[in-house]
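Please walk me through this structure in the viewer. Tell me what to select at each step and what is found there.

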Amino acid sequence: MAEQSDISSICIVGGGTAGWMAAAALAAKLAGLPIAITLVESDEIGTVGVGEATLPHIRAFNVALGIDEAEMMRATEATYKLGIEFCDWGRRGDRYIHPFGDFGPTTNDVPFYQYWLKLRQSGDRSRIDEYSYPVIAAEQGRFRRPSGDLDAVESTFGYAYQFDAGLYAKFLRGFAEKRGVSRIEGKVVRVVQDGETGFVRDVVLTNGTTLSADLFIDCSGFRGLLIETALQSGYDDWSAWLPCNRAIAVPTQSNGALRPFTRATARTAGWQWRIPLQHRVGNGHVYCSSFISDDEAHDQLVAGLDAPMQAEPRRLSFTTGRRREFWKKNVVAIGLAGGFLEPLESTSINLIQDGITELLAVFPDKGFAARDIAEYNRRIGLHYERIRDFLLLHYVATQRDDSEMWRHFRNLRLPDSLSERIEAWRTRGHLIQYEFGLFLSPSWVAVFLGQNLVPDRHDPRVESMSVDALTARAMDVRARVDAAVRRTPEHTAFIRESGGAARLAVAGA
Amino acid sequence: MTVATLARQLPDTVRITLAEIDRDHRCADLFYGTVSGPGSYAFNLAAGVTEPALVLGSSAAFSWGSKYVHWAEGGRSWIQCFNLTLPVIDGVLMHQYLVQQGMTRLDPFLLGAVAGSRGTFAHPPRSPGAAGQQPLARAEYGYHFDPASHARCFAAAVPPRRIHHLKGALSRVGVCDGVITGIALDGADMVTADLYLDCSGPSAELLSRLDPAWLGGRALQISADDVAEARLGPPVRSVSFHDQGWAAQTPLRGSTRSLTVSDATASCNARGGLSASATLGRRRRAWAGNCVGIGHAAGIVEPLTPAPMMLLERDIERLMTLIPVSTASMTVEEREYNRRHGEDHHHAMRFTRALLETSALPDSDFWRAARDTPDAELEHKLAMFAERGLLVSYDLEPFHPEDWLIMHFGIGRRPRRHDRLADRADAKRVRRYLDDAAQQVANAAAALPSNHVYMTQLERYLRQDPRK
């Protein structure tokens with residue numbers, strides 16, 4: 001039975017991926033409770049719509065909502081994703097894949113990459129990638145779901161999706177509306193706050209409609225209509241560390257086989273993404289306007305395309321950073337309203353997911369306890385900060401100095417949290433651990449080694465294994481990975497066989 | 001423990017010297033308490049001490065945890081047992097349903113608590129998929145131990161001729177420019193090394209010469225008496241308070257160890273047993289220069305919980321991940337070791353301090369001194385649970401959310417409200433689920449043998465089976 005202090009109404013301001021993910025999750029998770037959920041969006045206001053690659057956590061989100069994978073994939077033209085290929089980040093001509101999985105098995109509590117460092121020192125030329133099932137599978141265009149047999153190599157990875165974020169939002173809209181979410185078409189022109197508390201009481205639309213709610217979720221994008229314009233939460237600008245402030249996005253035709261990975265290619269003043277979906281390829285150029293003009297950035301993007309454009313490029317501006325308070329009074333900012341970090345590691349949708357998950361964990365009552373809000377802000381703030389450091393690593397773990405941007409990063413003063421991490425790695429391949437954060441040890445290993453930051457020394461414990469024994473063990477690991485990949489079906493075939501094919505089934509591509 | 005771990009994990013090219021100072025460590029080691037956590041099993045294996053070796057080579061017994069007698073609100077008792085994460089039901093943590101239902105006790109759902117109260121024990125199964133299928137599979141266990149016989153087990157695990165073993169009184173410690181340059185035992189030459197590990201206990205014979213600063217101040221004394229027992233007692237340590245301190249009874253194989261803790265200025269009543277004094281707290285730097293303080297040389301927490309042994313194990317595990325790669329500079333290792341040591345110590349102190357937030361404890365000098373002002377993070381943890389049953393966690397805490405949950409419920413902390421998402425479920429179905437779950441635990445506990453029978457049979461098996 002609802003108590004007087006219980007939240008009885010939620011208004012989500014803004015559609016797009018953030019708004020509809022919030023709506024769908026709240027509709028599913030609050031089902032059966034007397035809480036009315038309304039989402040207001042305006043067809044006049046475009047959504048950013050460029051976030052198309054995801055992280056494995058999205059599967060937990062979908063599963064929690066009871067979303068069928070094949071159905072979702074058909075609706076969103078999705079492909080599978082085993083990781084991200086980074087090109088030209090360490091040196092021009094380099095490439096590596098940051099996989100969703102580890103590199104080799106831990107032995108005697110020592111992670112495999114330490115043994116690999118010893119192997120390398122002894123003259124072995126195998127790549128660390130060769131010990132990663134998801135990397136080799138991705139390179140060979142193969143995919144399967146992880147095995148439940150924990151002893152199998154095929155269990156040592158996760159996977160995500162590459163999908164059309166606009167179609168995902170549309171899919172979730174259908175999901176949410178079926179579960180009672182009311183969609184109101186309209187543009188918010190005024191925010192009414194309580195005179196005493198400053199809480200948001202209503203939002204008023206262009207047509208005069210007033211929407212009231214106990215809890216507001218601000219998914220209005222960069223503007224932060226409620227969290228910033230009304231409540232003036234403030235913004236921590238991180239562009240000193242991550243200076244990219246523009247993006248151009250353009251779709252191209254599918255060209256050749258569908259690869260189960262996203263590509264991020266470093267450029268002179270930013271980087272270019274390539275995300276293969278079933279029906280098209282998403283491309284974009286993220287860059288810093290201090291280092292390149294918009295026209296040059298456009299030209300670089302077009303020159304880097306491998307297929308004809310399907311539409312005119314869309315342009316975006318942004319400031320990297322985070323809202324000082326993601327949750328203030330009775331407003332919670334999720335998605336771009338909460339902050340922005342460039343999608344170099346596909347974190348945008350994950351940050352939306354985190355925002356929703358933590359809101360459900362600390363779901364308020366009408367008292368909006370200060371401690372609840374402080375705890376939410378602490379958790380989300382930690383997520384943002386740790387992702388920031390990981391993204392920054394890509395820019396600073398480099399040997400490039402061939403443009404103004406790269407030289408800028410070489411001279412950059414880093415946050416202590418990152419500089420200590422880099423120093424520990426460089427000295428001895430030590431990874432400073434944390435528990436709460438998106439990118440754990442294997443991710444850091446992938447970027448450090450992928451971008452040629454090889455530690456000066458390795459863990460002394462690996463010396464307990466002779467080079468001969470280690471070489472034999474390494475060969476065995478590589479052989480098991482290779483054998484497992486050979487058993488793995490081709491990616492496009494798997495999409496078809498798993499029922500996830502939309503156009504593929506029709507076109508027989 | 002340190003030497004055994006080093007000997008097992010480091011290559012033979014690393015020379016290990018044990019300079020055993022002539023001193024009876026049995027007294028100071030009392031501050032390690034008598035109970036360890038579930039992490040000990042893996043730690044011991046990594047040091048070359050298998051569980052059969054521990055059972056046959058020491059007086060160790062299995063432990064579900066500690067019973068805090070009359071410690072909770074209203075004078076109730078509870079068993080602070082070890083347990084894997086409780087089930088999450090439709091996205092809601094199980095304990096939220098208890099709060100919703102007005103159920104005030106968590107122990108019926110914890111096999112360690114129920115079996116502990118019945119005095120029964122068996123090893124939890126560890127087959128894949130077992131967790132969640134059987135109540136026993138969610139239970140975890142640690143050990144009851146006597147530090148002296150525990151140490152002997154590890155000494156026996158050191159491969160012969162792997163270490164250079166010296167014994168004597170410490171006569172000289174060379175220090176120059178912030179590093180140890182060597183040590184000498186009576187009648188022997190100076191021993192030099194690249195890295196010195198100070199396991200000398202609270203006196204920190206080496207580390208204190210590099211950094212004497214100690215952060216802490218509450219001085220306690222501890223005494224131990226052992227009473228011979230023909231039959232092994234229950235797999236639960238019993239902790240009770242009195243005006244001037246607290247006492248613990250720990251069933252070991254062959255005896256029961258009684259520990260008494262009081263203020264350092266109180267008169268000591270050890271009846272011919274062991275006793276020691278120490279000041280709680282930690283060294284400002286656990287690693288200074290080329291010297292690392294392990295265990296009590298770097299930090300001491302009150303053995304009210306398994307924290308002392310957990311911290312000792314963590315010290316050694318942390319050391320192994322940071323064995324220096326160069327003698328020229330250990331700055332990176334020192335910084336990282338000290339950061340994590342400080343955090344582990346803080347978290348352990350917080351957990352111990354949280355145990356004192358109960359009106360059942362007397363308002364005496366001892367307990368007033370023990371209840372110093374909680375820090376902001378502990379206040380936040382306690383407040384969030386009190387308000388809404390939310391478990392706030394920080395990175396890599398030694399005590400898991402389940403440990404906190406068991407403590408909160410055990411002490412009688414009742415959240416003001418529950419997770420609203422729990423209201424989606426039909427209340428009658430929830431009640432049936434919870435009743436079934438409790439019944440399963442009760443049935444499982446009833447099927448277990450008594451602790452002494454289990455241990456007797458295990459010992460017999462281990463002594464007969466040559467493969468142990």
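How are α11(B) and α13(B) oriented to each other? Select helix α11 (residues 331–354) and helix α13 (residues 376–388) of chain B: they pack at an angle of about 50°, with their axes 10 Å apart. Axes are lines fitted to C-alpha atoms, for helices over the stretch in contact, and angles run from 0 to 180 degrees between N-to-C directions. α11(B) and α13(B) are therefore oblique to each other; angles under 35 degrees count as roughly parallel, over 145 as roughly antiparallel, 65 to 115 as roughly perpendicular and the rest as oblique.

This is a predicted model, in which local features need pLDDT of at least 70 and side-chain atom pairs count only at pLDDT 80 or more, while totals for chains, interfaces and linings use all residues. Residues are numbered from 1 along each chain as its sequence is written, and chains are lettered from A and ligands numbered from 1 in the order in which they are written.

Next, show both chains. Their contact takes 30 residues from chain A and 28 from chain B. On the chain B side, α10 (307–321), α11 and α13 each supply at least two residues, and α13(B) gives the largest share, four residues.

Chain B has 16 helices and 20 strands (DSSP runs numbered from the N terminus: helices are H or I, at least four residues, and strands E, at least two). Its C-alpha trace spans about 75 × 55 × 45 Å along the principal axes.

Move to chain A and select helix α4 (residues 112–121) and helix α14 (residues 467–486), whose axes come within 10 Å and cross at roughly 120°. A:Tyr115, A:Lys118 and A:Leu119 of α4(A) meet A:Leu470, A:Thr471 and A:Ala474 of α14(A).

Finally, colour chain A by pLDDT (the predictor's confidence in each residue, from 0 to 100). The average is 95, and 97% of the residues score at least 70. Over residues 505–509 of chain A, pLDDT stays under 50. Where pLDDT is low, the predicted coordinates should not be read in detail.

Conventions
Contact = placed C-beta atoms within 7 Å.
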